[in-house]
Amino acid sequence: MINYIAFSFTKTGTITTQQLHLFEHCFSIKITNLIERRFKDKGIIINAETFTESCIIEIYCSEIELLSPLIAAIESVRFDVMDLLMIEDEKKVVLQEVYNVDLTEEDKYLYLPLTYFSNEDILDLYEQRIETKSILILFNDLISQCNIAYFKNGVLRKEKNANSVILPSFKSKWEIKNNYIIGCYSMGISSLKQLVLCKFISFIFGKSSDSLISREFLNPYHLYLGYTLDLSIKTSFYTLFLIETTQESRKKFLDNPLRLKELLIGLVDFKKQLLAFKTYMFMSDPLLLEINRYYIKSSLEGDINMNLLSNIIDSITYPDLEDFGEMCDVHVEK
Ligand SMILES: [Zn+2]
C-alpha cells in the first residue's frame with residue numbers, strides 16, 4: 001500500500017508567486033539530496049506543484065517505517081548561505097520553465113474570476129522576474145509555517161497545522177466575457193462535510209454529461225464545452241466554471257440570469273446525482289490524496305479514511321443543497 005507525506009507552504013507577507021515557485025524547486029532539490037544521503041535506494045518519489053498562493057510537495061514511499069524518519073528529516077531542512085549558488089542557478093530554470101508554458105485563451109477566462117475574490121492572478125505564475133534579495137529569510141519563514149499531513153494504513157492525518165479555525169464564508173459571481181459565461185464560487189472550509197458538499201455541488205454543476213451546466217446551458221443550444229474546476233486556495237474551496245455560449249444562449253442568460261440556488265433547488269434527481277457522485281469520488285484513485293489537497297491547507301483536524309468519507313456522502317440531504325443555494329448571492333455583470 002502507498003504511504004504519503006505532504007508539505008504545504010502558503011505565501012505570507014511580501015513573498016511573490018515566483019519566489020514561491022523558486023522555493024518549490026529549491027526545497028525539492030534539498031529533499032532530493034537528503035533522500036540521496038539518508039534514504040538511498042528506498043524508491044521514494046517526490047512530486048511538487050506551485051499555484052499562485054501556495055505550493056505542495058508530496059513524498060511517496062512504499063515502506064511504512066520510512067514515514068516518521070522522513071517527516072522528521074524533512075521538517076528540519078533549512079536554507080543557509082551555502083545554498084545561494086543553487087538558488088541563483090535554479091532561478092534560471094524557473095524563468096525558463098515559465099517562458100515555455102503557454103496559457104490558452106480558455107484558461108485565461110477560466111481563472112479570471114479568482115482575481116475578484118482572492119487577488120490571485122494566474123498571470124503571476126508567468127512573471128518573468130524573480131527578486132532574490134533576502135531570499136533565505138523568506139524561504140525559512142515559509143518552512144516554519146508549513147502544514148504537514150500524511151497517509152498511512154489507509155488513514156489521512158494532519159501532522160502539523162499552522163491555521164486557526166475559520167468560519168464558513170460564501171462568495172460567488174458569474175459574468176459574460178467574450179463568448180463564455182464564467183464564474184466562481186468559494187467557501188471557507190470549516191468541516192469535512194462542507195468540503196465533501198463543495199465537491200458534490202461542483203460535481204452536480206459541471207462534472208458529468210448529465211450536469212446542470214449541460215442541461216441548462218449546453219444541450220438546448222447543441223454546445224459542448226462547459227465544466228467546473230475545483231481549487232484549494234488558502235483555507236477555502238473554490239469552484240471555477242466556464243461555459244461556451246451562442247448569441248441566443250447569452251441573450252437568454254442576460255434576460256433571465258440563472259442562480260445557482262435556483263438550479264440546486266430545482267434539482268429533480270437528487271438521489272441519482274448523489275449516488276453518481278459517490279461512484280465518481282471512489283473512482284478517483286487515490287481519493288484521499290486528492291482530498292488532502294484541501295485538507296492540508298484548511299484548519300480541519302482529525303483522521304480521514306474511506307469509510308468516513310463514504311458515511312459523509314451518504315449523510316448529504318436535499319436540504320443541505322438548499323442551504324448551500326441559500327448562501328449564493330449571485331451578481332451578474334452585463
Ligand atoms: Zn516549476
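1. Helix α1 (residues 17-38) packs against helix α3 (residues 84-100) at an angle of about 120°, and their axes are 9 Å apart. Axes here are lines fitted to C-alpha atoms, for helices over the stretch in contact, and angles run from 0 to 180 degrees between N-to-C directions. Helices (H or I, at least four residues) and strands (E, at least two) are DSSP runs, numbered from the N terminus. The angle makes α1 oblique to α3; under 35 degrees counts as roughly parallel, over 145 as roughly antiparallel, 65 to 115 as roughly perpendicular and the rest as oblique.

2. This is a predicted model, in which local features need pLDDT of at least 70, side-chain atom pairs count only at pLDDT 80 or more, and totals for chains, interfaces and linings use all residues. Residues are numbered from 1 along each chain as its sequence is written.

3. On the α1 side, the contact with α3 is made by Gln 18, His 21, Leu 22, His 25, Cys 26 and Ile 29. The α3 side supplies Met 86, Ile 87, Glu 90, Lys 91, Val 93 and Val 94. Contact means C-beta atoms, placed from the backbone, within 7 Å. By class there are seven nonpolar, three polar and two charged residues (Ala, Val, Leu, Ile, Met, Phe, Trp, Tyr, Cys and Pro count as nonpolar, Asp, Glu, Lys and Arg as charged, and the others, Gly among them, as polar).

4. Five strands form an open sheet in the order β2-β3-β1-β4-β5, with antiparallel pairing; strands pair if DSSP finds at least two bridges between them. β2 (45-50) and β5 are at the edges with a single partner strand each, so one side of each has no neighbour in the sheet. The twist averages 15° from one strand to the next. Between β2 and β3 there are six bridges, and Ile 46 stands opposite Ile 59 in β3. Helix α2 (residues 67-75) lies across β1, β3, β4 and β5, at about 20° to β1.

5. The domain assignment, automatic or from a database, gives domain 1 (3-103 + 130-160) and domain 2 (170-333). Their C-alpha centres lie 31 Å apart. In the contact, 15 residues of domain 1 meet 15 residues of domain 2. On the domain 1 side, β1 (3-10), β3 (54-61), β4 (147-152) and β5 (155-160) each give two or more residues.

6. Helices α7 (residues 192-206) and α13 (residues 306-315) cross at roughly 65°, their axes coming within 10 Å. They are therefore roughly perpendicular to each other. Leu 192, Lys 193 and Val 196 of α7 meet Leu 309, Ile 312 and Ile 313 of α13.

Definitions and conventions
Contact = placed C-beta atoms within 7 Å.
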